[in-house]
Amino acid sequence: MVKDLSNLSILYVEDESVTRMAVTRVLQKRVGSIYPAKDGKEGLSMFLEHRPDMVLTDLQMPVMDGWEMISEIRKVAPSVPIIVISAYEYDNSDCTVSDSIVKPVIKDTLFEKIEHCSK
C-alpha cells in the first residue's frame with residue numbers, strides 16, 4: 001500500500017542543479033512541502049527556517065558539505081530522519097543518518113526509503 005505523504009515536508013539538498021530540479025519535481029507530486037537547497041549552508045539555513053519532517057542530502061557539495069550540515073542539524077534536531085543520496089555506497093555504522101540511496105536516484109527506491117523513514 002502506498003503511504004500518504006501529503007503532510008510530509010522535506011528538505012532536499014543537492015548541488016547538481018539538473019538532478020535537484022528533476023528530483024524536486026518527482027517529490028512535489030507526492031510530498032506536501034519540498035525545500036530544495038543547492039549546498040549544505042543553504043540547506044542548514046532552510047532547515048532552521050522551515051523545520052522539515054525529513055532531510056534528503058548529497059554529501060559532496062561546495063560551501064558546506066553534507067556531513068557538516070548533518071552535524072549542525074543533529075545539534076538542534078537529533079531525531080529528524082536524514083537520508084543520504086550519494087554516488088557512493090554509504091556505511092551507516094555510526095547511525096548519524098536514517099538510510100541511504102546510491103545515485104542515480106530511482107523514483108520507486110526514493111519513495112520506499114521516504115515511506116520507511118517517515119513517522
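**Ser33.** I found Ser33 in strand E2; helices (H or I, at least four residues) and strands (E, at least two) are DSSP runs, numbered from the N terminus. Ser33 counts as partly exposed because its relative accessibility is 28%. My cut-offs: buried means under 20% relative accessible area, exposed over 50%, and partly exposed in between (1.4 Å probe, protein chains only). Setting aside neighbours within four places in sequence, I see Ser33 in contact with Leu8, Ser9 and Ile10, where contact means heavy atoms within 4.5 Å. Leu8 is 25 residues away from Ser33 along the chain, yet their C-alpha atoms are separated by 6.5 Å.

**Ground rules.** This is a predicted model, in which local features need pLDDT of at least 70 and side-chain atom pairs count only at pLDDT 80 or more, while totals for chains, interfaces and linings use all residues. Residues are numbered from 1 along each chain as its sequence is written, and side-chain values use heavy atoms, with hydrogens and water left out.

**Ser17.** Next I went to helix H1, where Ser17 lies. Ser17 has 32% relative accessibility, so I log it as partly exposed. I took one distance here: Ser17 and Pro36, 19 residues apart in sequence, are 10.0 Å apart in space, C-alpha to C-alpha.

**Asp99.** Is Asp99 buried or exposed? Its relative accessibility is 18%, so Asp99 counts as buried. Asp99 sits in strand E5. Apart from neighbours within four places in sequence, it is in contact with Ile82, Ile83, Val84, Lys113, His116 and Cys117.

**Cores.** I count as a nonpolar core a set of buried Ala, Val, Leu, Ile, Met, Phe, Trp, Tyr and Cys residues joined through side-chain atoms within 4.5 Å. The largest has 19 residues, and Leu11, Phe47, Val55, Met69, Ile73 and Ile82 have the most contacts inside it. At least two residues of this core come from each of E1, strand E2 (33-37), helix H2 (40-50), helix H3 (66-76) and E4. I checked Met69 too: not counting residues up to four places away in sequence, it touches Val13, Gly40, Gly43, Leu44, Val55, Thr57 and Met64. There is also a second, separate core of 17 residues, with Leu5, Leu27, Val31 and Ile83 among them.

**Whole chain.** I read the order of elements from the N terminus as β-α-β-α-β-α-β-β-α, which gives four helices and five strands. The radius of gyration is 13 Å, close to the 14 Å of the globule rule for 119 residues, so the chain is as compact as a globular protein of that length. For the record, that radius is taken over C-alpha atoms, and the rule is 2.2 Å times the number of residues to the power 0.38. The C-alpha trace spans about 35 × 30 × 25 Å along its principal axes. Of the 119 residues, 46% count as buried. Last entry: among contacts between residues at least 6 apart in sequence, 59% join residues at least 24 apart.
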